[in-house]
Amino acid sequence: MCKWCMRHGAGGKWYLNARNYSNELAESMNLQAYLEEQWKNFEQVYIRKIMGISSIDLGNKLKMPIIGRILRWSVERMIHSESLNRNPVRADGHFGQVIPIEEAKLIMMNLAAEPIIKNYCMCRMMQKGLKDACCINFGLLSSVIEKLPRFIPENSKLHITREEAVEALKEQNLKGRIATVWFQPVPYINAICSCEVPQCGGLRLRMDFGLYTVYKAEYVAEVNSDLCQGCRSCISRCQFNALRYSPTLERVIIDPIKCFGCGLCRDVCPQKAIILTPREEHPGLKGKY
Amino acid sequence: MGKTKIRINYSKCGNATGGIDPRQCSRCLYICEPAVFIRHPALKVKEENPYDPQYWQVTPVWLSLCTRCLKCVKACPQNAIAITW
Ligand code: SF4
Ligand code: SF4
Ligand code: SF4
Ligand code: SF4
């Protein structure tokens, strides 16, 4: 993710920089009180005011001629804010990126700070009324969520090991959810979610309103047309409508612009016809996250 | 398509305003395909324990995505949802 890797990647990807996971960083940013304030009423984030305008019906407001442009600019600034006077109740500085399962595993095994918890997904609870214990949070955020009864799972344990976190993320991937890693707030990293359109709050803003709450992965899927047998198993895995079966070609074709690089299609292909390739090596997609 | 207005009758749904606790229902949330509604702690109420809010409300936030299928209106057991355009 060019800009964020440059600012917080220490020469690599932002989410592979150990410093961004450290307790020292969380402490130096005074995040205990900030995250508690944010999480106590997190579900109110979409009804709060931005620039004095209620964010209810953001979609129509963004379409307004001049105000819409200013609003978009100010929402983007808020989402990516690194300022010292960030507002926790608007979730300032909170955004993420899609990662394939192998990187989620790398993070959980080597980088995530303990304790690690698996709690109810706030988005699915907020937008669908469902209790789904699938969100993996870690470090300081775990101790914040522990204090909030509504996110504590009833039928599974809250505290999990690194290995259990990897298993949980794999299970979610298998179900068809994509792994995403989050700054909360930038540059502190404390969550890997298993997201699904349209009930993920972050993907909602990205997919429906073009706001950069979630960036595409560092990868893009490529289908090997010699290997693909046209079985179509991959198509139902894609949340972004990037894959289509072509009756003329009798195989699957991909729209690389739509592809978020989650790797879900790759993981089910019986022919191993799909691979993830680095976005930056793709001339047409370089810098397009 | 012009703007869609969705009104919730908060005296029927929303336990800070005399209605039911939407956590016990949430039919509208579940049934709406574009996920137009959110369920959230009610604004401007004094919670005994702010870490465990007990007063909840439903707000249709993503109005521009409503397809006017009216499934929520039909599904609401309290008849609390009205949609106009
Ligand atoms: S799963 Fe593999 S073989 Fe089947 S259609 Fe997709 S790419 Fe082709
Ligand atoms: S095409 Fe494959 S890798 Fe790309 S977004 Fe769809 S499922 Fe994910
Ligand atoms: S009318 Fe249909 S799309 Fe609109 S809010 Fe109700 S269920 Fe959702
Ligand atoms: S369906 Fe009606 S009663 Fe149930 S939560 Fe929605 S608005 Fe409230």
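Biologist: Which residues of helix H6 (residues 101–111) of chain A are buried?

Modeller: This is a predicted model, in which local features need pLDDT of at least 70 and side-chain atom pairs count only at pLDDT 80 or more, while totals for chains, interfaces and linings use all residues. Residues are numbered from 1 along each chain as its sequence is written, chains are lettered from A and ligands numbered from 1 in the order in which they are written, and side-chain values use heavy atoms, with hydrogens and water left out. A helix is a DSSP run (H or I, at least four residues), and a strand is likewise a run (E, at least two), both numbered from the N terminus; buried means under 20% relative accessible area, exposed over 50%, and partly exposed in between (1.4 Å probe, protein chains only). By these rules, the buried residues of H6 in chain A are A:Ile101, A:Glu103, A:Ala104, A:Ile107, A:Met108 and A:Leu111.

Biologist: Within what arc do the buried residues of H6(A) fall, seen down its axis?

Modeller: The arc is that of the directions from the helix axis to the C-beta atoms. The buried residues of H6(A) line one face of the helix, because they fall within an arc of 165 degrees.

Biologist: How far apart are the centres of domain 1 and domain 2 of chain A?

Modeller: The bounds come from an automatic or database domain assignment, which divides chain A into domain 1 (3–41 + 80–208) and domain 2 (219–281). Counting contact as heavy atoms within 4.5 Å, 20 residues of domain 1 of chain A are in contact with 11 residues of domain 2. Taken over C-alpha atoms, the centres of these two domains of chain A are separated by 27 Å.

Biologist: How far apart are the closest N and O atoms in the salt bridge between B:Arg23 and B:Asp21?

Modeller: B:Arg23 is partly exposed, with a relative accessible area of 29%, while B:Asp21 counts as buried at 12%. Their closest N and O atoms lie apart by 2.8 Å.

Biologist: Which residues are joined into one network by salt bridges that share partners?

Modeller: Over all chains, the count comes to 19 salt bridges. Those that share partners form one network, made up of A:Arg124, A:Asp132, A:Arg177 and A:Glu196.

Biologist: How many residues of the shell around ligand 4 are nonpolar?

Modeller: A residue belongs near a molecule if one of its heavy atoms lies within 4 Å of it, and the residues around ligand 4 include B:Cys13, B:Ile20, B:Arg27 and B:Ser26. Ala, Val, Leu, Ile, Met, Phe, Trp, Tyr, Cys and Pro count as nonpolar, Asp, Glu, Lys and Arg as charged, and the others, Gly among them, as polar. The shell around ligand 4 holds 2 polar residues and 1 charged residue, and its nonpolar residues number 8.

Methods:
A salt bridge is a side-chain nitrogen of Lys or Arg within 4 Å of a carboxyl oxygen of Asp or Glu.
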